[in-house]
Amino acid sequence: MNFHQYYPIDVVNGPGTRCTLFVSGCVHQCRGCYNQSTQRLDSGVLFTQQAEDQIIADLNDTRIKRRGLSLSGGDPLHPANVPQILKLVKRVREECPGKDIWVWTGYTLDELSDQQREVTQYIDTLIDGKFEQDKKDLNLEWRGSSNQIIHRFKID
């Protein structure tokens, strides 16, 4: 998996102060996409064990009260990204107690494969659906178009 950007401190992509990772790869090619540079799987840089370790360290850094991790892109649930994303969200669940995980995807919940759906077992919030230019609404919270749905999962 490749990624384009990692923000150890972010207050825009989800509630509270967060760590945010923008991964590479998206099959949806939404007209009006605000992040077109992330669409190719081979763009950006390789997501290494060191990068994963940094995210865990940042989430657990007590000097900054972070609420959680946001995963966007590209598409974290692109089939090529799912194995690494699944490993990351499992690790956050195990090693970062009390941190929530938000994921943005162009797939709808109904379109998810079994492997993609497995990721949702470890996350708190999924914002799903392609960005649709004709449904763009700047007043929406956490999403760009009115077709996109915020799914909140209860994580025990």
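Trainee: Which residues of helix 2 are buried?
Mentor: First, a caution: this is a predicted model. In helix 2, the buried ones are Val-82, Gln-84, Ile-85, Leu-86, Leu-88, Val-89, Arg-91 and Val-92.

Trainee: What covers the buried residues of helix 2?
Mentor: Several elements do. They include strand 2 (18-23), strand 4 (68-73) and strand 5 (100-104). Helix 1 (49-60) and helix 3 (114-120) are on the list too.

Trainee: How far apart are the end C-alpha atoms of helix 2?
Mentor: They are 20 Å apart. Helix 2 covers residues 82-95, which is 14 residues. At 1.5 Å a residue, the span should be 20 Å, so the two agree.

Trainee: What about strand 2 and strand 4, parallel or antiparallel?
Mentor: Those run parallel, and 6 bridges join them. Phe-22 stands opposite Ser-72 in strand 4. Strand 4 and strand 5 also run parallel, with 4 bridges. There, Leu-69 has Ile-101 in strand 5 as its bridge partner.

Trainee: How many residues of strand 2 are buried?
Mentor: 6 of its 6 residues. Arg-18, Thr-20 and Phe-22 point one way from the strand. Cys-19, Leu-21 and Val-23 point the other way. Both sets are buried.

Trainee: Let's talk about the core. How many residues are in the largest nonpolar core?
Mentor: It has 29 residues. Leu-21 and Leu-71 have the most contacts inside it.

Trainee: Which elements give two or more residues to this core?
Mentor: Strand 1, strand 2, strand 4 and strand 5, plus helix 1 and helix 2. The largest share comes from helix 2, with 6 residues.

Trainee: What does Leu-21 touch?
Mentor: Leaving out residues up to four places away in sequence, its contacts include Met-1, Phe-3, Phe-47 and Ile-55. Leu-71 and Leu-88 are among them too.

Trainee: New topic: cysteines. How many disulfides are there?
Mentor: The count is 0.

Trainee: What does Cys-19 touch?
Mentor: Cys-19 lies in strand 2. Not counting residues up to four places away in sequence, its contacts include Tyr-6, Tyr-7, Asp-58, Leu-59, Arg-66 and Leu-69.

Trainee: Last topic, rings. How many aromatic pairs are found?
Mentor: A search of the whole structure finds 4. One of them is Phe-3 with Phe-47. Their ring centres are 5.9 Å apart and their planes are at 90°, so this pair is edge-to-face.

Trainee: Where do Phe-3 and Phe-47 lie?
Mentor: Phe-3 lies in strand 1 (residues 2-10). Phe-47 is in the loop between strand 3 (45-46) and helix 1. The pair therefore ties together parts that are 44 residues apart in sequence. Phe-3 is buried at 14% relative accessible area, and Phe-47 is buried at 6%.

Trainee: And which residues form the aromatic cluster?
Mentor: Trp-102, Trp-104 and Trp-142 form one. The rings of Trp-102 and Trp-104 have centres 5.8 Å apart and planes at 35°, so that pair is tilted. Trp-102 is buried, with a relative accessible area of 2%. Trp-104 is buried as well, at 15%.

Note on methods. Residues are numbered from 1 along each chain as its sequence is written. This is a predicted model: local features need pLDDT of at least 70, side-chain atom pairs count only at pLDDT 80 or more; totals for chains, interfaces and linings use all residues. Side-chain values use heavy atoms; hydrogens and water are left out. The expected span of a helix is 1.5 Å times one less than its number of residues. Buried means under 20% relative accessible area, exposed over 50%, partly exposed in between (1.4 Å probe, protein chains only). Contact means heavy atoms within 4.5 Å. A disulfide is a pair of cysteine sulfur atoms within 2.5 Å. Rings of Phe, Tyr and Trp (its six-membered ring) pair if their centres lie within 6.5 Å; planes under 30 degrees apart count as stacked, over 60 as edge-to-face and the rest as tilted. Two strands pair if DSSP finds at least two bridges between them. A nonpolar core is a set of buried Ala, Val, Leu, Ile, Met, Phe, Trp, Tyr and Cys residues joined through side-chain atoms within 4.5 Å.
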